[in-house]
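Take a look first, then read on.

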Amino acid sequence: MTLLLLGAVLLVARPQLVPSHPAVSGPGPRQQELLRKVGTLQEDTREGAAANGSTKQLPQTIIIGVRKGGTRALLEMLSLHPDVAAAENEVHFFDWEEHYSQGLGWYLTQMPFSSPNQLTVEKTPAYFTSPKVPERIYNMNPAIRLLLILRDPSERVLSDYTQVLYNHLQKRKPYPPIEDLLVRDGRLNMDYKALNRSLYHAHMLNWLRFFPLGHIHIVDGDRLIRDPFPEIQKVERFLKLSPQINASNFYFNKTKGFYCLRDSGKDRCLHESKGRAHPQVDPKLLDKLHEYFHEPNKKFFELVGRTFDWH
């Protein structure tokens with residue numbers, strides 16, 4: 001109930017976190033009513049909770065993206081921490097109208113049970129590139145801490161294509177080669193959604209209209225793959241968690257070709273769908289991709305005040 005009252009106060013006060021923040025509409029009457037019901041729903045979940053007093057809470061942290069950036073790996077690694085309770089599935093509350101229309105009460109039901117000292121985390125990679133999401137999350141909790149994991153934009157495009165390709169193959173449906181999607185009339189196809197998702201600068205600008213940069217921690221997805229422990233340490237510090245995750249929690253699986261997790265003596269790896277080999281692409285087409293992302297990447301580096309080892 002304390003969390004509900006604090007959330008309500010924050011929604012009413014609406015502090016000006018970003019100097020350039022535009023005027024945004026607050027929650028309507030129906031949304032306000034659902035906010036009042038959240039406390040009741042939390043009480044209801046306590047009745048069926050475990051003996052340790054765990055209940056369901058709205059997330060204090062959200063992994064907002066990016067698609068094919070390593071969000072599942074980040075969530076699994078973060079779940080090694082005893083003070084983290086993670087939603088198992090992508091909730092798609094803020095970007096799917098059929099979910100958002102059901103209000104925060106529905107959102108709360110999608111969260112895991114957690115104890116009072118745990119952080120509740122959910123991840124939905126589509127949030128980062130969805131125009132309506134930043135304002136909606138801000139209206140829920142302007143003080144929330146956000147995690148954004150990014151990879152080299154060109155590699156992210158190839159991973160995006162690979163995922164869709166395998167989804168089609170599993171359903172025995174045809175899917176065109178990547179060259180047919182990336183190129184139109186001899187030029188890069190600007191209508192290809194995978195390209196747009198890798199324009200990090202444009203999407204980040206939208207988030208910074210509502211949240212200060214200090215509330216968004218950017219995880220280097222390429223480094224997380226190569227050497228996960230230092231990256232997860234940074235996440236622990238950003239979330240103000242005690243340092244509980246150790247280097248011994250990670251081991252390199254030579255068969256899979258990436259790091260797996262070791263938790264309480266048990267080993268577990270990401271699903272076989274992760275780490276799939278990308279399709280062979282003509283080097284000239286790769287050069288076009290790298291050239292296309294060169295300027296947007298420079299703008300992104302300037303925007304966030306750091307650089308990444310991207311082409």
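Let's start where two helices meet: Tyr200, His201, Met204, Leu205 and Leu208 in H10 touch Pro296, Lys299, Phe300, Leu303 and Val304 in H13, with contact meaning heavy atoms within 4.5 Å. By class, that contact has 8 nonpolar, 1 polar and 1 charged residues. The axes of H10 and H13 come within 8 Å and cross at roughly 30 degrees, so the two helices count as roughly parallel (angles under 35 degrees).

A note on the source: this is a predicted model, with local features needing pLDDT of at least 70 and side-chain atom pairs counting only at pLDDT 80 or more, while totals for chains, interfaces and linings use all residues. Residues are numbered from 1 along each chain as its sequence is written, and side-chain values use heavy atoms, leaving out hydrogens and water.

Now the sheet. It's an open one of 5 strands, ordered E3-E5-E2-E6-E9 with parallel pairing (pairing takes at least two DSSP bridges). E3 and E9 are the edge strands, each pairing on one side only. E6 and E9 pair over 5 bridges, and Leu150 has Asp220 in E9 as its bridge partner.

Two helices pack against these strands (helices are DSSP runs of at least four residues, H or I; strands, E, of at least two):

| Helix | Strands touched | Angle |
|---|---|---|
| H10 (200–208) | E2, E6, E9 | about 155 degrees with E9 |

Angles run from 0 to 180 degrees between N-to-C directions, using lines fitted to C-alpha atoms.

Definitions and conventions:
Parallel < 35°, antiparallel > 145°, perpendicular 65-115°, else oblique. Nonpolar A, V, L, I, M, F, W, Y, C, P; charged D, E, K, R; others polar.
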